[in-house]
Amino acid sequence: MRGCRRRKRSHSTIAVKLRIGTPRCLLVIAPHPDDETIGAYALITRMRRRGVKVRILVVTDGGASHTASPTWPRHRLIRERQQETFRAVRQLGIFRGAVTFLGLPDGRLVQETRSANRLIAGAIRHAPKPLLVVAPACSDDHPDHRVVATAVGGARQARVRRLAYSVWPAGAAIRHAGAVTLSAQERLAKRHAIRSYRTQAGRIRDDPNGFAMTRAQIAAFSRAVETFVERAE
């Protein structure tokens, strides 16, 4: 299996319009619950307007963000993060049957590479064709994201086009990428959707080392464009 090629990133706005084409289905692969909204909210909106089928694949269980919280044990956090995903994508007209949770361990995906490769390849294989797959970039700073990126890169199949988005560091864009430009209304809706992941936006306060998106990160995630780079390897 080929590994990821590291690409340069930029915080500058990319002005080249993304050519989406005419896929039958869009498969958005999210390493964690909320990455689908951060990475591809506007693209999902465009595809839904065109009548394209949209499927969401969430790879990890999202249970590692607040490991020391006494009121949010892992099983409760996992369950709530799934519900947050259902609520967020429901606003885009995507129902539960179109969302799949693989349940691999959050933060330990490097140790589950084989399972990730197999399950992601299976999801791509069984999705309707022609298929547009959107997944994290190889250059993303999060190790779970890079495992997913490598798995998607290795799942080469006919009639499948692959695009990559960047999440970390917040606001990073990939050079030589195509852009989906958000209207002011779409930016507001996206920001609201990101904040609706309340477990990641400050709701849990009894874990001093727990993760919470900052205002600056949420603003960066809901910037005026979503950028995607073509993956051909």
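Close-up 1. At 55% relative accessibility, Arg159 counts as exposed, because exposed means over 50% relative accessible area, buried means under 20%, and partly exposed falls in between (1.4 Å probe, protein chains only). This is a predicted model: local features need pLDDT of at least 70, side-chain atom pairs count only at pLDDT 80 or more, and totals for chains, interfaces and linings use all residues. Residues are numbered from 1 along each chain as its sequence is written, and side-chain values use heavy atoms, with hydrogens and water left out. Arg159 lies in the loop between α4 and β6. Helices (H or I, at least four residues) and strands (E, at least two) are DSSP runs, numbered from the N terminus. Phi of Arg159 is near 60°, a positive value in a residue other than glycine.

**Close-up 2. A positive surface patch.** Arg24, Lys53, Arg55 and Arg159 form this patch. Patch residues have over 30% relative accessible area and no salt bridge; like charges are joined within 9 Å, and nonpolar side chains (Val, Leu, Ile, Met, Phe, Trp, Tyr) within 5 Å. Accessible areas come from the Shrake-Rupley method with a 1.4 Å probe; for residues, only the protein chains shown count as cover. Lys and Arg count as positive and Asp and Glu as negative, while His and the chain ends are not counted. Each charge is placed at NZ of Lys, CZ of Arg, CG of Asp or CD of Glu.

**Close-up 3. Helix α4, end to end.** Helix α4 covers residues 143–154, twelve residues. At 1.5 Å a residue, the helix should span 16 Å. The expected span is 1.5 Å times one less than the number of residues. The end C-alpha atoms of α4 are 17 Å apart, which agrees. The buried residues of α4 include Asp144, His145, Val147 and Val148. Ala149, Ala151, Val152 and Gly153 are also among them.

**Close-up 4. Asp34, a buried residue with positive phi.** Asp34 has a phi of about 115°, although it is not a glycine. Asp34 sits in the loop between β2 (25–30) and α1 (35–49). With a relative accessible area of 7%, Asp34 is buried.

Close-up 5. The bond from Lys129 to Pro130 is cis, with omega near -5°. Pro130 lies in the loop between α3 (113–126) and β5 (131–136). The bond from Trp168 to Pro169 is cis, with omega near -5°. Pro169 is found in the loop between β6 and β7 (173–174).

**Close-up 6. Salt bridge between Glu186 and Arg49.** The structure holds eight salt bridges. A salt bridge is a side-chain nitrogen of Lys or Arg within 4 Å of a carboxyl oxygen of Asp or Glu. In the bridge between Glu186 and Arg49, the closest N and O atoms are 3.3 Å apart. The pair links distant parts of the chain: Glu186 in helix α5 (residues 184–195) and Arg49 in helix α1, 137 residues apart. Glu186 counts as buried, at 9% relative accessibility. Arg49 is exposed, at 60%. Arg46, Arg49 and Glu186 are linked in a network of salt bridges.

**Close-up 7. Salt bridge between Glu226 and Lys190.** The closest N and O atoms of this pair are 2.7 Å apart. Glu226 lies in strand β9 (residues 225–231) and Lys190 in helix α5, so the pair ties together parts that are 36 residues apart in sequence. Glu226 and Lys190 are both buried.
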